[in-house]
Amino acid sequence: MSYSDPRAYIYQDTVETDFGAGTGTAWSFKGPSGKKGSLKNIGLHVTETFACDSTTGKVLIGTSADPNAYGQLEIADTTAATNTFNNQDDTNAVISDALPADTQIEVTYVQCVDSTTAAGKGYAYVEVEWY
């Protein structure tokens, strides 16, 4: 594989995260051995409308030492159930697209806070090209 022939992978959280009730279950992924990656997209398949007018729910892509080293998707208040919220909605989500070779990438969550009742659920995913 080379820059001219990258391999695209989508990593999907198989557990629905309830952003209104906590931080969810962290998970991780690794690329093919010896390959560097390019973070292309962070997204959430929304299954419950978000209520987060004080603190947005977030999907963080990073390391154990720096949870948002590579990305931070901030899911907006009132994002509706059945929507897909991703880089098109939060254009600053990718902080650094360069993922190092042979490194475990951590995916964690930040709970949302609302002035009445916090809500919001969904399945996170990450798109990476490895070369």
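## Ten strands, questioned

Modeller: The protein's secondary structure comes to zero helices and ten strands; helices (H or I, at least four residues) and strands (E, at least two) are DSSP runs, numbered from the N terminus. This is a predicted model, where local features need pLDDT of at least 70, side-chain atom pairs count only at pLDDT 80 or more, and totals for chains, interfaces and linings use all residues. Residues are numbered from 1 along each chain as its sequence is written, and side-chain values use heavy atoms, with hydrogens and water left out.

Biologist: Among contacts with a separation of 6 or more, what share joins residues 24 or more positions apart?

Modeller: A contact here means heavy atoms within 4.5 Å. Of the protein's contacts with a separation of 6 or more, the share from residues 24 or more positions apart is 80%.

Biologist: Let's look at strand 5. How many of its residues are buried?

Modeller: G57, V59 and I61 point one way from strand 5, while K58, L60 and G62 point the other way, and all are buried. Strand 5 is therefore largely enclosed by the rest of the structure, and its buried count is six of six.

Biologist: Which residue in strand 6 is the bridge partner of K58?

Modeller: Two strands pair if DSSP finds at least two bridges between them. Strand 5 (residues 57–62) and strand 6 pair in the antiparallel sense over five bridges. G57 stands opposite I75 in strand 6, and the partner of K58 in that strand is E74.

Biologist: Is strand 6 mostly covered or mostly open, and how many of its residues are buried?

Modeller: Strand 6 is mostly covered. Out of its five residues, the number buried is four.

Biologist: Which residue in strand 9 does L60 bridge to?

Modeller: Strand 5 also pairs with strand 9, in the antiparallel sense over five bridges. Within strand 9, the bridge partner of L60 is T108.

Biologist: On to the loops. What is the phi of T78 near?

Modeller: T78 lies in the loop between strand 6 (71–75) and strand 7 (84–85). With a relative accessible area of 57%, T78 is exposed. Its phi is positive in a residue other than glycine, near 70°.

Biologist: What about the phi of D102?

Modeller: D102 sits in the loop between strand 8 (98–99) and strand 9 (105–110). D102 counts as exposed because its relative accessibility is 57%. Here, too, phi is positive in a residue other than glycine, and the value is near 55°.

Biologist: Last one: what distance separates the C-alpha atoms of S4 and Y131?

Modeller: S4 is in the segment before strand 1 (7–12), and at 70% relative accessibility it counts as exposed. S4 and Y131 are 127 residues apart along the chain, yet their C-alpha atoms are separated by 8.3 Å.

Conventions
Buried < 20%, exposed > 50% of the residue type's maximum accessible area, 1.4 Å probe, protein only.
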